[in-house]
Amino acid sequence: MRVAPDPPLLKTPALERPSLKARLGVAASVSGVCLVAYWMTHGSGPFWQDSGLFLAALHSGGGLLPPGYPIYLILGRPFVAAFLAVLPNHTFAEAVNMFSAVWSALAAGLVSLSIFTLCEPHGRFFSLSRAAKRPSMDPRSVLFGGGLGGLMAGLSYSLWFQALTAEAYALNAFFTAAFLCLVIRLGNEGPLDAPPTLTQRRLAYLLLIAHGLSFGNHPVTVVLTPAVVWLAWIGRKALSDRRFFLTAFAIYVASAVLPYVYLPMAARLYPWTPYSGVSTLSGFVAQMSGSQWTAQGGNYGFSLERFALVPRQLWLEMFLIGIMGALIGVRVLFNERRGVLLFFALVLGPAFLVPLLYLRGGEYDFWLLTAYVPLFLISGFGLASFATTLTSGRPKATSFAVMVVLSMAALAPALVINRPLVDRRDDFVPEDFGRNLLRHLDPNAVFIAMSDQENALTYYLDVVEKERPDVVRIDGGVLATRWFPSQLRARYPDFEFEDISQGRDTVPSTDEWLTALIASAARTHAVYMTSRPAVPVPAGMDWIPSGGLWKLAPQNALGISRADWDYTYRNPDPFARPARDHAPEIMPDGSIRREPYTNQIRRFHVQAWKNLGDWSVAHDDYKEAVSAYTNALKMDPSLDNAGVFFGLGKSLFVLDRPKEARPYLEKVGERLDPSAVIESSLYLFQIYEGEGDRRKASQFFEKIRVLAPDLAARIQASQRK
């Protein structure tokens with residue numbers, strides 16, 4: 001079918017606009033400035049959460065956790081290889097972190113280009129009308145708004161944060177920015193009729209490729225689907241061109257689906273890597289759809305807390321000038337280009353709703369990058385309009401001064417507030433934390449990691465840094481998968497274990513696998529876990545604290561070594577780094593508490609000292625218990641844990657230090673089980689009796705009488721004697 005040529009433009013007065021060279025130069029400068037900022041603040045190691053998993057997958061060649069992230073892996077491996085070939089003295093993690101930085105910088109540049117396109121006076125956005133009544137913007141103001149909007153996006157907290165992190169969010173921001181840029185460019189070509197022009201075809205294919213490929217990077221770009229449906233609706237005349245429709249459909253589906261072919265290929269090439277159960281159709285579909293997350297009804301709901309945080313999050317991303325620009329941009333679009341405003345509404349509505357209603361998305365603040373990118377685009381457009389109004393009829397020097405003041409007001413918060421929060425140049429805490437987990441393990445130990453931080457960081461150290469190759473490292477989060485036994489056998493061919501999945505129709509549960517693995521490993525290996533499991537252990541064995549871990553040892557073994565609590569960090573104060581509250585933790589009631597990542601690691605250390613204290617009390621080593629509980633309170637002076645207070649108070653009382661014991665025992669209150677409340681009340685009764693405070697002593701005696709009348713009777717009998 002013949003492709004129709006581009007139609008002649010309607011005759012309207014010539015309107016000045018920045019040259020193509022100027023626009024491309026500003027956009028490239030925006031990307032360059034952002035890349036320099038990222039280079040000056042990037043780190044050389046992994047970050048918390050899933051960063052270690054992404055690093056290990058790029059290094060090993062295997063897949064990733066559902067949905068697999070094939071586009072990230074396909075693009076990341078050659079980039080890292082090229083980076084290390086050019087800069088061989090840099091670390092693998094540094095190369096991957098800069099992979100994210102490049103995509104963030106490109107996203108910022110695309111925001112600038114989109115603003116320039118949106119500011120074009122002849123832009124029609126799928127309309128027959130040229131909107132000739134709409135006033136043109138001053139070319140200098142257009143360049144100013146586009147450049148400032150791109151810089152605000154690139155130096156915003158979330159995009160800057162992800163530019164330094166080995167995760168998929170930076171590439172996700174790029175795909176979002178590319179999609180928006182192509183839609184606005186396509187809209188300015190006028191209505192989509194049949195047959196579409198050659199330019200319209202190319203732009204339509206490119207935006208479908210961008211959105212399709214985005215699915216292979218991060219599933220949150222599904223929020224752009226309503227906008228795609230709307231584009232199909234307003235372009236339904238063009239879609240009546242059968243050839244165009246079939247080509248567009250094939251391109252869209254191929255872009256979204258074909259990258260996932262990488263996953264079974266990688267599983268066959270690297271069978272020892274996790275997430276290799278994609279060789280069957282059911283396994284492939286489950287991995288691609290992320291059904292273990294998306295199919296659970298409990299993952300969806302309404303969180304008032306998340307909605308209430310949105311205004312604060314927007315403020316911390318955009319600050320005053322950014323928000324002001326977005327409000328002006330919305331007003332201008334409402335007055336002059338409502339079709340564009342409708343398009344942005346179709347993007348922003350789902351972009352905010354999906355991460356706020358899908359409760360499983362613990363890192364939903366970074367999912368919101370899909371909303372922040374169009375907001376910065378609107379803000380830059382609004383600032384260009386605002387600058388045109390302010391500088392109209394004024395001398396060039398005055399106009400320049402106005403733009404400088406606005407730029408400083410917009411970018412100062414990003415540089416003053418955001419930079420210290422994202423700066424990773426000397427942040428070694430995540431990597432050192434992982435090393436501390438591994439360095440005290442016995443030779444040839446079996447280490448089962450049951451939580452994200454411990455698993456991801458040790459997986460990175462295992463695969464990338466070859467740390468402790470003698471250790472059998474098992475991810476407790478994948479035990480209940482069909483592919484787990486084959487992957488474990490491929491990874492550690494010399495490790496003997498009972499495959500309890502054989503001859504079963506159902507997949508063994510996590511607890512069943514833990515029981516079997518512990519029973520198999522305990523014969524020949526020291527077994528360590530990040531948390532003490534509620535499963536049976538071999539006869540004569542018990543869990544003993546080993547730093548922040550639990551170690552399976554003979555019941556009569558004196559296996560406690562203070563060296564296991566000797567955590568060495570390259571950062572003098574590893575918990576003092578500033579951070580935003582974005583580390584997710586699912587609470588017992590299903591809600592999500594958010595805090596800095598270092599707070600979670602601080603609790604890990606506190607828990608380690610508490611474990612040692614509890615163990616020492618159980619084995620009548622009260623002097624060691626006092627030391628351990630005291631260290632826990634030093635680690636977190638705000639700690640309010642009744643178990644720590646009870647253990648420390650009891651130990652001090654037994655060591656005949658009643659005055660020191662009293663304040664800790666009084667903090668126990670009614671927060672522990674009745675037996676502990678009775679015991680703490682008995683100690684306090686004796687302390688106050690010894691001090692001659694009969695009134696206080698009688699209060700605690702009454703509590704004993706209510707909870708343990710037999711004990712109260714014995715106390716009264718002994719007093720009568």
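Of the 721 residues in the chain of this predicted model, 55% count as buried. The chain exposes about 31,400 Å², and carbon and sulfur atoms supply 61% of that area. Along the principal axes, the C-alpha atoms fill a box of roughly 115 × 60 × 50 Å.

The chain holds 30 helices and 7 strands. Taking contacts between residues at least 6 apart in sequence, 71% join residues that are at least 24 apart. Charged side chains number 67 positive and 60 negative, and the centres of these two sets lie 11 Å apart.

| Chain property | Value |
|---|---|
| Helices | 30 helices |
| Strands | 7 strands |
| Positive side chains | 67 side chains |
| Negative side chains | 60 side chains |

Asp423 sits in the loop between α19 (396–422) and α20 (429–439).

What does the side chain of Asp423 make a polar contact with? The partner is the side chain of Arg425, at 2.5 Å. Leaving aside neighbours within four places in sequence, Asp423 is in contact with Thr41 and Arg577.

How values were computed: Residues are numbered from 1 along each chain as its sequence is written. This is a predicted model: local features need pLDDT of at least 70, side-chain atom pairs count only at pLDDT 80 or more; totals for chains, interfaces and linings use all residues. Side-chain values use heavy atoms; hydrogens and water are left out. Helices (H or I, at least four residues) and strands (E, at least two) are DSSP runs, numbered from the N terminus. A polar contact is a pair of N or O atoms within 3.5 Å; within protein, one must be able to donate a hydrogen and the other to accept it, and residues adjacent in sequence count only if both atoms are side-chain atoms. Contact means heavy atoms within 4.5 Å. Buried means under 20% relative accessible area, exposed over 50%, partly exposed in between (1.4 Å probe, protein chains only). Accessible areas come from the Shrake-Rupley method with a 1.4 Å probe; for residues, only the protein chains shown count as cover. Lys and Arg count as positive and Asp and Glu as negative; His and the chain ends are not counted. The place of a charge is taken as NZ of Lys, CZ of Arg, CG of Asp or CD of Glu.
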